[in-house]
Amino acid sequence: MEFSKFKAATVQTAPVFLNVEKTVDKTINIIKEAAANGAELIAFPEVFIAGYPYWNWIMTPVQGSKWYERLYKNAVAADDPEIKRIEQAARENNIHVVIGINERGTSYGEIYNTNLIIDNTGQLIGKHRKLVPTWAEKLTWTSGDGSSLKVYPTKVGPIGTLACGENTNTLARFTLLSQGELIHIANYISLPVAPPDYNMAEAIKIRAAAHSFEGKLFTIVSCSTISQEIMDILKEDVPDAETLLTRKNSAFSGFIGPNGAVIGEPIIDDEGISYAEIDLSKCIQPKQMHDILGHYNRFDIFDLRVNIAPTRKITFINSHEEFNAK
């Protein structure tokens, strides 16, 4: 069997807040830089296009309503021209791209927290919608369904992805592992408004290490940052937004190997691109001890069933029996 070796990149930066066109420009420039440095796969943060609803954490729901409308107007569909530009950049630079978007639904009110998986030929091969928005995020995002819990075969290897807090969902993670996942993309946002004793950067690393160690695979973490631009914009309604949104150890991006250890130098809080050499054959030996997909499990005891049917909002039925009136 052939197991690929390749160079991967992960990005830690902020979008151009609520500006799709400029964020796509920034995305393409980063893709070009990573590809020029030899990367065949690049991971971008959660909802990188075009921003995270931080107002849910520092405003009342009523205050945040106008911001929700702005976010909806800056959400994108997976087949929009802006996404086509990213697909073209992936093709021209021969690189796989996993990136988070605010995906516009069809009801003029739905927004999904979605990760797109684009291969090196520029094809959109998959998208995953976050299953459960976390805490205050429920004010913004609609829940995804089981149809997007998939692993996608690519030139570099089988890729799966989960967004932020759902990386703590054991059953969702096992569902991806059971489909042969060897490369897991976990993307996040910086969250300085967490409880005072909560180290967000360390929590992100722990989650990634847990998944890698349990599944004996590589996890690539990409986390966004909160730029001065974001804080200044939100000061419009919350004058002390900068104080509320500034804290150390709020962002972690990097690579975790199949033994649960960090590979290379992670990025904490700062902006930048991190790189690592990935050798998927390193996923084999650790399974000799613990293969939770095989010999180190009891499927006669445990039975996980996953509903992968897409959610149906409505079913039209036209089955009335015709008869001749007498």
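UniProt, in an unreviewed entry, places an "active site" feature at Glu46. In this predicted model, Glu46 sits in the loop between β2 (41-43) and α2 (55-58). The same record, again as an unreviewed entry, places the feature "domain: CN hydrolase" at residues 6-280.

**Around Glu46**

- Is Glu46 buried or exposed? Glu46 counts as buried because its relative accessible area is 1%, which is under the 20% cut-off.
- Leaving aside neighbours within four places in sequence, Glu46 is in contact with a list of residues that includes Gly100, Asn113, Lys130 and Glu137.
- Also in contact with Glu46 are Trp141, Ala163, Cys164, Asn187, Tyr188, Ile189 and Ser222.

**The annotated domain**

- The end C-alpha atoms of residues 6-280 lie 9 Å apart.
- This span is 30% helix and 25% strand.

**The nonpolar cores**

- The largest nonpolar core has 38 residues, and Tyr54, Trp55, Ile58, Tyr188 and Leu234 touch the most other members.
- Which elements give two or more residues to this core? They are α2, α3 (61-73), β7 (183-188), α6 (200-215), β8 (218-223), α7 and β9 (252-256).
- Helix α6 gives the most to this core, with five residues.
- A second, separate core has 27 residues, among them Val76, Ile86, Ala90 and Ile118.
- As background, nonpolar side chains in soluble globular proteins tend to be buried together.
- Not counting residues up to four places away in sequence, Leu234 touches Phe17, Tyr54, Trp55, Ile58, Met59, Trp67, Ala241 and Leu245.

**Two more positions to look up**

- Ser212 is found in helix α6, and Ser212 counts as buried because its relative accessible area is 0%.
- Beyond its neighbours within four places in sequence, Ser212 is in contact with Leu217, Phe218, Thr219, Ile256, Gly257, Pro258 and Gly260.
- Asp240 is located in the loop between α7 (228-234) and α8 (241-244).
- Asp240 counts as partly exposed because its relative accessibility is 39%, a value between the 20% and 50% cut-offs.
- How many residues apart along the chain are Asp240 and Ile58? They are 182 residues apart along the chain, while their C-alpha atoms are separated by 9.4 Å.

**Aromatic rings**

- The count of aromatic pairs comes to six.

**Charges over rings**

- The charged end of Lys7 sits over the ring of Tyr275, 5.0 Å from the ring centre.
- Arg129 lies over the face of Tyr112, at 3.7 Å from the ring centre.

Conventions
Residues are numbered from 1 along each chain as its sequence is written. This is a predicted model: local features need pLDDT of at least 70, side-chain atom pairs count only at pLDDT 80 or more; totals for chains, interfaces and linings use all residues. Side-chain values use heavy atoms; hydrogens and water are left out. UniProt positions are given in the numbering used here, feature names are shortened, and annotations may be inferred rather than shown by experiment. Helices (H or I, at least four residues) and strands (E, at least two) are DSSP runs, numbered from the N terminus. Buried means under 20% relative accessible area, exposed over 50%, partly exposed in between (1.4 Å probe, protein chains only). Contact means heavy atoms within 4.5 Å. A nonpolar core is a set of buried Ala, Val, Leu, Ile, Met, Phe, Trp, Tyr and Cys residues joined through side-chain atoms within 4.5 Å. Rings of Phe, Tyr and Trp (its six-membered ring) pair if their centres lie within 6.5 Å; planes under 30 degrees apart count as stacked, over 60 as edge-to-face and the rest as tilted. A charge sits over a ring if NZ of Lys or CZ of Arg is within 6 Å of the ring centre and within 35 degrees of the ring normal.
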